[in-house]
Amino acid sequence: MSVSSSAVDESICSTTWPKFHGYHQYSLKISSSLKASLPRKLKWKNSPAKPTEAYKPVLIEQIANIVTHGSCILPAVCATWLLIQRASTPTQYWAGLIYGIALVFLFTVSAAFHTTCCLCNSSKYLQIRDVLHRGDRAMIYIFIASSYFPWLSLVPNLNVTAETTNKSASSLLPMLLSWCGVNSLVAADLRWLVWFLAAMGILYQQIFHEKYKWLETLIYVLIGLLPSLPFVHGDEFQGVWELKIGGACYIIGLIFFKADGRIPLAHAIWHIHVALGASIHYYAVFSYLIG
Ligand SMILES: [Zn+2]
């Protein structure tokens, strides 16, 4: 018995079409559910946080936060290793080591905090997120104190004498010291004062975490700038300009630190300013203080 070609086609179609049709329907279903799960427009930021709450970054901001500080960890480890290799005296070694460890921890704690926020979103990780958030903020104070440490330990004759420095218009602190009857503030005093201020800042931050955010920022600025006032008012020593430019990076960065929800990727931009300021300060410590 012969079978015509049209009959064969028909029989093939009748057996394969239902399968093909089913597959087609299935793939359409997948693509439509994928489309529904993807945001129509890429979201770059959320609304600003309420005064007593932390800002909730969108996914792209979280990734940018992780990358901008996570990518600095390995360079910071190498930079620390180079610094202690270059040290030629015990004071240089310890100054380089303390500064370097703070540099590595600053980026590591920050990257760990932002990674946890991104990957461990549920409420059962709330406690670890809170601990890392507090640690991230505490590292800013520790980093400020350790950034001063090499300068206050290694710049020779870094004595601040009220009578000799109050001729400068910008030397407010020596003037105040003079009025208070303090004639000379040596680097060693300042070095411990900076750590004391950092400890006070951490204590304040642990008690009032996320409560008075503007006050917290103001404390960062005060602790960051006050110890520099007695000696960064001229160009008496090498590296003073790098200190000023690096400090300016941190200050400009604070604009973005306070702009979550107003400027897209604001926190990642703050991170970049921190990395830039730290690089400039590191260059100065490496070039002028150690070796
Ligand atoms: Zn951060």
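A residue is called buried if 20 or more other C-beta atoms lie within 10 Å of its own, exposed if 12 or fewer do, and partly exposed in between, with C-beta atoms placed from the backbone. The model is predicted: local features need pLDDT of at least 70, side-chain atom pairs count only at pLDDT 80 or more, and totals for chains, interfaces and linings use all residues. Residues are numbered from 1 along each chain as its sequence is written.

**View 1. His267 in helix α11.** His267 counts as buried because 23 C-beta neighbours lie inside 10 Å. Beyond its neighbours within four places in sequence, His267 is in contact (C-beta atoms, placed from the backbone, within 7 Å) with Pro57, Glu61, Asn65 and Asp260.

**View 2. His271, also placed in helix α11.** His271 has 27 C-beta neighbours inside 10 Å and therefore counts as buried. Its contacts, leaving aside neighbours within four places in sequence, are Asn65, Thr68 and His69.

**View 3. The packing of helix α2 (residues 59-70) and helix α11 (residues 266-289).** The two helices pack at an angle of about 10°, and their axes are 8 Å apart. Helix α2 is therefore roughly parallel to α11 (angles under 35 degrees). From α2, the contact uses Glu61, Ala64, Asn65, Thr68 and His69; from α11, it uses His267, Ala268, His271, Ile272 and Ala275.

**View 4. The "binding site" feature at His114, His267 and His271, as placed by UniProt in an unreviewed entry.** Such annotations may be inferred rather than shown by experiment. These residues spread over 158 residues of sequence, yet they cluster in space, with a largest C-alpha distance of 11.4 Å.

Technical notes: Axes are lines fitted to C-alpha atoms, for helices over the stretch in contact, and angles run from 0 to 180 degrees between N-to-C directions. Helices (H or I, at least four residues) and strands (E, at least two) are DSSP runs, numbered from the N terminus. Angles under 35 degrees count as roughly parallel, over 145 as roughly antiparallel, 65 to 115 as roughly perpendicular and the rest as oblique. Two residues are in contact if their C-beta atoms, placed from the backbone, lie within 7 Å.
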